[in-house]
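Please read these points with the model open.

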Amino acid sequence: MQFETIPHPSPMADDAREAAIADPGFGTVFTDHMVTIDYDEGAEGSVGGGWHSPRIGPREPIALDPAASVLHYAQEIFEGMKAYRLADGELALFRPEENARRFNASARRMAMPELPEELFLEAVNKAVTADAKWFPSVEGGSLYIRPFMFATEAFLGVRPAKQYKFIVILSAAGNYFKSGSPAVSIWQSEYTRAAPGGTGAAKTGGNYAASLVPTGEAFKRGHDQVLFLDAVEKKWVEELGGMNLFFVMRDGSVVTPPLTGTILPGITRNSLITLLGEEGLSVREEPYSIQQWRSDAASGDLVEVMACGTAAVVTPVGKVDSADGEFVIGNGGPGAVTSKIREKLVGIQRGSVDDTHGWVKLVG
């Protein structure tokens, strides 16, 4: 498919852009352009069953009919990715094909059309190339990439829509957490995020909407993130509001909750399993209860906890608080394993550590 390029009539001036990305924070400073691709079921001359009209043009508001399916039945999915600056100045993506695959897995669960992986990757590359000058110079800076798709067909019947729009937008990004603490503090919520048979493994907006009230409670109590337990027994650790968890034990093993369909299969999670194994640590994907977490922290059998995700990368967890009281992991700060594995992962992403897995893909 040939992408149409629509010239931007008024891109942000250089001095205004530099001011905007000097301290971008996370998710508030957006670039000039966006990529869009439309889907009409069975459209003539389309690919993948209906995808057509790929274009890159100015970032602008989206016109939607008030009856658009997404507004009523929440057919919406998204991905989170980053573009990194390598030492030689090139921009690169980290395992982007895994994002393409997960995007389509989410689409299948939400009864939405799959987007051909090569088209997903081309759209991401074109968006990053168009706005490469938005890359922030702050330490740890990146271009956060948000590919997403939603149903646009105007109808009020309850069935999968026949029209969709795929869009890629970019945001200049700095540090994810605002507190600046060396380790994050989390609040154990009484709410649940997802149940067996639900949409917990899909990256869909409804899962995050379900986390907003408990996340707000965590923030009000002075914590950085919220912890969710399973929906059935309310005893098994699942994940944070947007991150997977790893538990580093004193015996040199590492535990992470298994993928049972109620937590997101994180790409950073998958990468850490590989990297931890290379460091000689035995990683076990098995259930881990909140009671065991508290007990292991008290006995010293648990020495570190790390949270991971695209936005925050790898972050140490220092304290857990709940209605039953709080407890501290280790010394409450970053541990040796967490620090080492974060340094290795970030080094691979930014080109200072050899990429022996072929995970890093140059943009272009």
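1. Start with strand β4 (residues 51–58): six of its eight residues are buried, so the rest of the structure largely encloses it. Buried means under 20% relative accessible area, exposed over 50%, and partly exposed in between (1.4 Å probe, protein chains only). Strands (E, at least two residues) and helices (H or I, at least four) are DSSP runs, numbered from the N terminus.

2. The basis: this is a predicted model, in which local features need pLDDT of at least 70 and side-chain atom pairs count only at pLDDT 80 or more, while totals for chains, interfaces and linings use all residues. Residues are numbered from 1 along each chain as its sequence is written, and side-chain values use heavy atoms, with hydrogens and water left out.

3. Partners of β4. Strand β1 (residues 4–5) pairs with β4 in the parallel sense, over two bridges. Two strands pair if DSSP finds at least two bridges between them. Glutamate 4 has arginine 55 as its bridge partner in β4. β3 and β4 run antiparallel and are joined by six bridges. Here aspartate 38 has histidine 52 of β4 as its bridge partner.

4. Strand β10 (residues 184–188) is largely enclosed by the rest of the structure, because five of its five residues are buried. In a regular strand, side chains alternate between the two faces of the sheet. From β10, Val184, Ile186 and Gln188 point one way, Ser185 and Trp187 the other way, and all are buried.

5. Partners of β10. Strand β17 (residues 313–321) pairs with β10 in the parallel sense over four bridges. Isoleucine 186 has valine 320 of β17 as its bridge partner. Strand β11 (residues 225–229) also runs parallel to β10, joined by three bridges. Its leucine 227 is the bridge partner of glutamine 188.

6. Aromatic pairs: the structure holds 13. Why is the pair of tyrosine 39 and tyrosine 164 edge-to-face? The ring centres are 5.8 Å apart and the planes stand at 65°, so the pair falls in that class. Tyrosine 39 is in strand β3 (residues 33–40) and tyrosine 164 in strand β9 (residues 163–173), 125 residues apart, so the pair links distant parts of the chain. Both tyrosine 39 and tyrosine 164 are buried. The rule: rings of Phe, Tyr and Trp (its six-membered ring) pair if their centres lie within 6.5 Å; planes under 30 degrees apart count as stacked, over 60 as edge-to-face and the rest as tilted.

7. Phenylalanine 103 and phenylalanine 120 form a tilted pair, 5.4 Å centre to centre with 50° between the planes. Phenylalanine 103 belongs to helix α3 (residues 96–109) and phenylalanine 120 to helix α4 (residues 117–130). Both are buried. Elsewhere, Phe247, Tyr288, Trp293 and Phe327 form one aromatic cluster.

8. Charges over rings. Arginine 85 lies over the face of phenylalanine 135, 4.9 Å from the ring centre. The charged end of arginine 159 sits over the ring of phenylalanine 155, at 4.1 Å from its centre. The test is NZ of Lys or CZ of Arg within 6 Å of the ring centre and within 35 degrees of the ring normal.
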